[in-house]
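Reader: I am new to reading structures, and I would like to understand how the words used for one follow from the values behind them. Could we go through some of them slowly?

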Amino acid sequence: KSLRTTDKQDAIRLAEQEYLNVYATIQKGHKVFGLKWSELCEEFINHKQQDVEVGRIKESRLNTIKTQINRWIIPYLTPTKKISELDVESFRDYYYYRKQKTNNQVLDVTIRNEHTTINAISRFGYRKGYIPFPDFNFDPIKIIEPPRRDTFTVEEYQIFYKKMRDWVDNAQDKQEEYMRPLIRDFILLKSNTCMRFGEINQLKWKMVKTKRINGQNLVWIVLPADICKNKKSREFWSRGGQYIDRLKKYASHQDKDSYVFSHPKFDRPLARATYYKYWKNLLEFSGFTKLEKDLTYYSLRHFGITARLLAKVPIYDVAKMAGTNVQFIEQHYE
């Protein structure tokens, strides 16, 4: 590096200062030369992992960030792109890149969320002294109406419910004879309690108790804050107590700290991939893959909330059960 001086003493002074700067950078664990964009992204992911460990974000949120970064954000630039070569306009065309790569199937709200992640990385780099600016420039994306996930109609759910019985009876081996009833009761309890996927997947036996009230089998559910998406605990009565009672007859693990929907051999929650493997199989068996709908486990929560509103359950009670606010129920479901 040129010190831009012809004076020897001045050059020595400047050189000593440069040495101290480089030494301090190394002591902090930072790279002195050529930090790549992919390396900055990796450092950012490690930083977010610390947020998971202290409870600031959930593991599922971190997994979403990892997917955004590794599948789209890093490949947008050349693998060896150095952050010293970036400027505020480097991601200007990211929107068109995403549309082109997905044949225009990606939603605008998805790209806007990725813009947010990109600038979270740049602000992280700015705080570290890697990048001389905090944000990249993007053309604004206006979302006129939030996207609505597909769900079942009442008639479709009735058909799905009946087909699910045949699917369970069609189990071919011991593994399937355990897993299919477990997935069935997961689906039925989810559509009745309106719990989110991550909440019901982390449900433990100590969090539930059943009781018959006015001729109905109900379940009292106590969800601690650490498994709830909004980090707020909640307690509520719900339909579906019969499914909990049925699970008690065959579940492999039933200690108070065991998971209600656990692995057949190990006392741990089932993997998301396992759930969706059976979900796909069930949709194919029931003929629902022929519908022009993208039905997921979230569709069960959506259907459950809608069903409670159709049954004239007070909107405040529905919001309390679902772990959201009345305004959200009015805007997205009513």
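Author: Let us begin with a cut-off: an angle of 65 to 115 degrees between two axes counts as roughly perpendicular. Please keep in mind that this is a predicted model.

Reader: Why are helix 7 and helix 10 called roughly perpendicular to each other?

Author: The axes of helix 7 (residues 174–193) and helix 10 (residues 272–286) cross at roughly 90° and come within 11 Å. That angle falls in the range of 65 to 115 degrees, and the two helices are therefore roughly perpendicular.

Reader: Which residues make the contact between helix 7 and helix 10?

Author: Helix 7 contributes Q175, E176, M179, R180, I183, F186 and I187, while helix 10 contributes T274, Y275, Y278, W279, N281 and L282. The residues of this contact divide into 8 nonpolar, 3 polar and 2 charged.

Reader: What makes R98 and E114 a salt bridge?

Author: The closest N and O atoms of R98 and E114 are 2.7 Å apart, and the cut-off is 4 Å, so the pair qualifies as a salt bridge. R98 lies in helix 4 (residues 94–101) and E114 in helix 5 (residues 108–128), 16 residues apart.

Reader: How do you know whether R98 is buried or exposed?

Author: Buried means under 20% relative accessible area, and because R98 has 3% relative accessibility, R98 counts as buried. E114, at 2%, counts as buried too.

Methods:
Residues are numbered from 1 along each chain as its sequence is written. This is a predicted model: local features need pLDDT of at least 70, side-chain atom pairs count only at pLDDT 80 or more; totals for chains, interfaces and linings use all residues. Side-chain values use heavy atoms; hydrogens and water are left out. Axes are lines fitted to C-alpha atoms, for helices over the stretch in contact, and angles run from 0 to 180 degrees between N-to-C directions. Helices (H or I, at least four residues) and strands (E, at least two) are DSSP runs, numbered from the N terminus. Angles under 35 degrees count as roughly parallel, over 145 as roughly antiparallel, 65 to 115 as roughly perpendicular and the rest as oblique. Contact means heavy atoms within 4.5 Å. Ala, Val, Leu, Ile, Met, Phe, Trp, Tyr, Cys and Pro count as nonpolar, Asp, Glu, Lys and Arg as charged, and the others, Gly among them, as polar. A salt bridge is a side-chain nitrogen of Lys or Arg within 4 Å of a carboxyl oxygen of Asp or Glu. Buried means under 20% relative accessible area, exposed over 50%, partly exposed in between (1.4 Å probe, protein chains only).
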